[in-house]
Every structure is written in C-alpha cells, then in structure tokens.
Amino acid sequence: MPTLHDLLAIPPARRDALAAVARHLEPGHTVVLSTHINADGDGCGSEVAVARILQARGLHVRIVNPTPWPQGFRFLLGPDIQECSEEGHKALKGADRLLVLDISDVGRLGALADDVRKLKVPRLVIDHHVAHDEPAGDVTASDTAACATGEMIRDLAHVMGVPISADIAVPLYVAMLTDTGGFRFSNTSPRCHAIAAELLAAGVEPEAIYRSVYQSVPVGRLHLMREALASIEHDPSVGLAWISLEPGALERHHVSPEDLDGLAEYPRSIAGTRLALFFRDLGHDRVKVSFRSTGRVDVNVLARQFGGGGHAKAAGALIPGVLSAVRPQVIAAARAYLLTIPQD
Ligand SMILES: [Mn+2]
C-alpha cells in the first residue's frame with residue numbers, strides 16, 4: 001500500500017512535462033494567464049495559485065480570461081492579483097509568455113482564441129483534459145490522472161521550488177474541491193486527498209471555503225434551479241435522464257453562467273441513471289449540452305459525436321440548432337450508445 005509520502009511524489013512523466021513548461025518561465029518575464037470561457041473553480045483557483053507561484057519567482061503576471069471573472073470566485077482575488085479580463089484581447093499585448101490553464105482545445109478560449117492562435121510568444125498549457133486536435137499551446141503539461149488542473153499546479157510549485165503558503169493553498173483547494181464535486185466524483189483519487197491534507201496543513205479552513213463556494217449564492221440561482229428541475233425527463237429502461245432550459249433562462253432569473261454549475265448533477269442523482277444530459281438553448285441557434293455519466297459510460301466519446309469533448313464522466317458540446325431539434329437527436333444518440341454498454 002502506498003504511503004502518504006508515495007502519494008505526494010510527482011509522477012515522473014508529469015514532473016518532466018512540468019519542468020519543460022517551467023523552463024519557459026524566467027524571472028522578469030511578463031506572463032498572461034488564461035482559462036476557458038465561464039471559468040470554474042478549477043480555472044480560477046489554478047490561475048490565482050499560478051499567479052502567486054510565478055510572482056514568488058520574480059515574474060509579472062496578469063489574468064486575461066475570455067469571459068468576466070465569476071462573482072462567486074471574487075473571494076480568491078487579492079490586491080496582489082492583476083485580473084484584466086475586462087480589457088479583452090488588448091491585455092494580451094506585451095506578454096512574454098502565455099500560460100493557458102484547464103483547456104485542451106484552443107476553441108475553449110472563446111473570443112480570445114483567434115488572438116491566441118496568432119501570438120508569437122511561447123504558449124504554454126497546463127491541463128488535465130483528454131488531448132484535443134487543436135491544443136491551446138506549443139508546450140503542454142497535461143495529465144488526465146490529475147483530479148484537477150489545481151493538482152498539476154501544486155506539482156508545478158514543487159518543480160519550481162516555491163513553498164505552498166496559505167494564500168497559494170486556498171485557491172488550490174478550491175480548484176480540487178470544485179472539480180471533484182466536493183471530493184465525491186470518480187476523479188477523487190488517493191493523491192487528491194493526500195494533497196488536500198497538505199493544503200489543510202498549510203492553513204486552508206474547509207468550513208470557510210465551503211461557505212464562500214457553496215453557501216454564498218444569489219437567490220436567482222434557486223429560481224433557475226426550480227425551472228431546470230421542472231423540466232426533468234427520465235428513461236429508466238436505459239438509465240438516461242435529462243433537464244433543459246429554454247432561451248433566456250439566465251436573464252429571467254438575473255443570474256450568470258456560473259449559476260448553472262452543478263445543475264447537471266440533479267439528473268445524474270436519480271437512481272439507476274447512467275447518463276445525464278443538461279440542454280441549454282442559448283437563443284442564437286446554438287444548444288449547449290452537458291454530458292455526465294456514472295460507471296462505465298464514457299461521455300467524452302458521445303460528446304465527440306457532436307463536435308465537443310471533455311472527460312470520461314463529464315463532457316460538453318455546443319450544437320447548432322434549437323432545443324426542439326437538437327434534443328431529440330442527442331437523446332437518440334445517447335440511447336443508441338447506452339444500448340452498447342452492458343448494465344452493471
Ligand atoms: Mn478542471
């Protein structure tokens with residue numbers, strides 16, 4: 001049985017990949033950090049932690065995301081963090097390096113993707129998604145065995161010789177907490193818990209973080225949840241369940257995309273569900289579909305059929321069309337796919 005010490009050791013291939021990234025990060029450099037549209041706890045937490053790690057090594061860092069910094073993760077920012085997402089692609093100017101976090105597909109950079117494709121400076125990536133045809137950079141450290149990009153960032157701190165202070169531990173903990181659904185999803189590895197223990201020892205207070213992340217939501221989020229739950233449909237014969245939101249849901253309830261986080265867990269929570277789908281009609285002839293699975297069902301395979309991707313148990317796709325047309329197509333593909341996978 002591995003000891004705690006064994007668990008905390010960095011897997012050799014990952015260490016080499018992170019060292020190759022770190023070689024491009026020298027004192028005095030200005031580094032722009034970015035993550036995917038509608039940054040989540042892993043994207044935001046990894047960015048703040050990396051910013052502090054690099055600043056400790058004498059680099060200048062600013063964060064430039066394709067969509068605004070989420071209200072729910074404002075608490076991670078401090079006076080030492082330069083968050084310039086509002087300035088858009090102009091804030092990419094003058095960077096010596098770009099470091100993209102929690103993305104395997106450059107398209108996930110949304111409005112920044114084209115500017116990033118044209119950047120002349122080295123583009124680095126640290127990630128834990130399944131590799132994609134068009135990566136977001138030239139030098140990549142990616143490991144799907146990492147429970148969160150935050151786990152990779154913890155390892156980067158070790159590779160770069162930066163001690164994990166409390167103000168680095170907090171964003172790393174938020175990254176790992178949120179990407180594992182509160183240490184409940186299948187990516188919750190022994191190593192994930194070992195690092196969580198390390199972060200608690202460095203000063204993280206779990207209850208304070210729980211309150212900041214999960215008990216500080218606007219009331220509109222519950223109204224949105226009510227609307228989503230009212231739409232639930234369920235096919236127990238194959239273990240499929242889905243919820244849907246009509247166009248304008250965020251506007252109706254005065255909430256932002258971050259308030260959608262976790263909604264896909266409700267259909268997945270129904271007994272016997274192997275695959276859960278969350279359809280959101282964006283209102284401009286596009287439907288966003290979130291795929292969630294349990295057990296042996298690999299939703300990355302299914303999402304790829306629709307031009308998307310992600311992880312085996314959580315993936316997404318953006319599909320042209322309206323809800324009434326896209327939903328039956330995806331349901332049919334999902335049923336066909338589930339019939340090929342034996343029930344546990
Ligand atoms: Mn992640």
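Mentor: Begin with a loop. Phe183 sits in the loop that runs between α6 and α7 (190–201). Keep in mind that this is a predicted model.

Trainee: Why is Phe183 called partly exposed?

Mentor: Count its neighbours. Phe183 has 14 C-beta neighbours inside 10 Å. Buried needs 20 or more, and exposed needs 12 or fewer. The count of 14 falls in between, so Phe183 is partly exposed.

Trainee: What makes the backbone of Phe183 worth a remark?

Mentor: Its phi is positive, about 60°, although Phe183 is not a glycine. Most residues other than glycine have a negative phi.

Trainee: Which loop holds His254, and what is its phi?

Mentor: His254 is in the loop between α10 (249–252) and α11 (265–268). Its phi is also positive, about 55°, and His254 is not a glycine.

Trainee: How do you know whether His254 is buried, exposed or partly exposed?

Mentor: Use the count again. His254 has 13 C-beta neighbours inside 10 Å.

Trainee: What makes Arg108 buried?

Mentor: It has 25 other C-beta atoms within 10 Å. The cut-off is 20 or more, so Arg108 is buried. Arg108 is found in the loop between β3 (97–101) and α4 (113–118). Setting aside neighbours within four places in sequence, Arg108 is in contact with His36, Ile37 and Ile103.

Trainee: How much of the protein is buried?

Mentor: Of its 344 residues, 45% count as buried.

Trainee: Why is β8 described as mostly covered?

Mentor: Seven of its seven residues are buried. Both faces are covered. On one side are Leu275, Leu277, Phe279 and Asp281, and on the other Ala276, Phe278 and Arg280. In a regular strand the side chains alternate between the two faces of the sheet.

Trainee: What does β8 pair with, and in which sense?

Mentor: Strand β7 (residues 240–245) and β8 (residues 275–281) pair in the parallel sense over six bridges. β8 and strand β9 (residues 286–293) pair in the antiparallel sense over seven bridges. Two bridges are enough for a pair, so both pairings qualify.

Trainee: Which residues stand opposite one another?

Mentor: Ala241 has Ala276 of β8 as its bridge partner. Ile243 stands opposite Phe278 in β8. Ala276 also stands opposite Arg292 in β9. β8 and β9 form a hairpin with four residues between them. In that turn, Gly283 has a positive phi of about 90°.

Trainee: Where do these strands sit in the sheet, and what makes a strand an edge strand?

Mentor: The open sheet has six strands in the order β6-β7-β8-β9-β11-β10, with mixed pairing. An edge strand here pairs on one side only, as β6 (233–235) and β10 (309–310) do.

Trainee: Which residues touch the most others in the largest nonpolar core?

Mentor: Tyr173 and Met176, among 63 residues in that core. Helix α6 (residues 166–179) supplies the largest share, nine residues. A second, separate core of 32 residues includes Ile243, Val255, Leu260 and Val289.

Trainee: How is the protein divided, and how many residues make the contact?

Mentor: Domain 1 covers 4–214 and domain 2 covers 219–339. Their centres, taken over C-alpha atoms, are 26 Å apart. Domain 1 gives 12 residues to the contact and domain 2 gives 10. On the domain 1 side, three are nonpolar, seven polar and two charged.

Trainee: Last one. How do you know that the radius of gyration agrees with a compact globule?

Mentor: For 344 residues, a compact globule would have a radius of gyration near 20 Å. The protein has 20 Å, so the two agree.

Conventions
Residues are numbered from 1 along each chain as its sequence is written. This is a predicted model: local features need pLDDT of at least 70, side-chain atom pairs count only at pLDDT 80 or more; totals for chains, interfaces and linings use all residues. A nonpolar core is a set of buried Ala, Val, Leu, Ile, Met, Phe, Trp, Tyr and Cys residues joined through C-beta atoms within 7 Å. Domain bounds come from an automatic or database domain assignment. Two residues are in contact if their C-beta atoms, placed from the backbone, lie within 7 Å. Ala, Val, Leu, Ile, Met, Phe, Trp, Tyr, Cys and Pro count as nonpolar, Asp, Glu, Lys and Arg as charged, and the others, Gly among them, as polar. The radius of gyration is taken over C-alpha atoms; the globule rule is 2.2 Å times the number of residues to the power 0.38.
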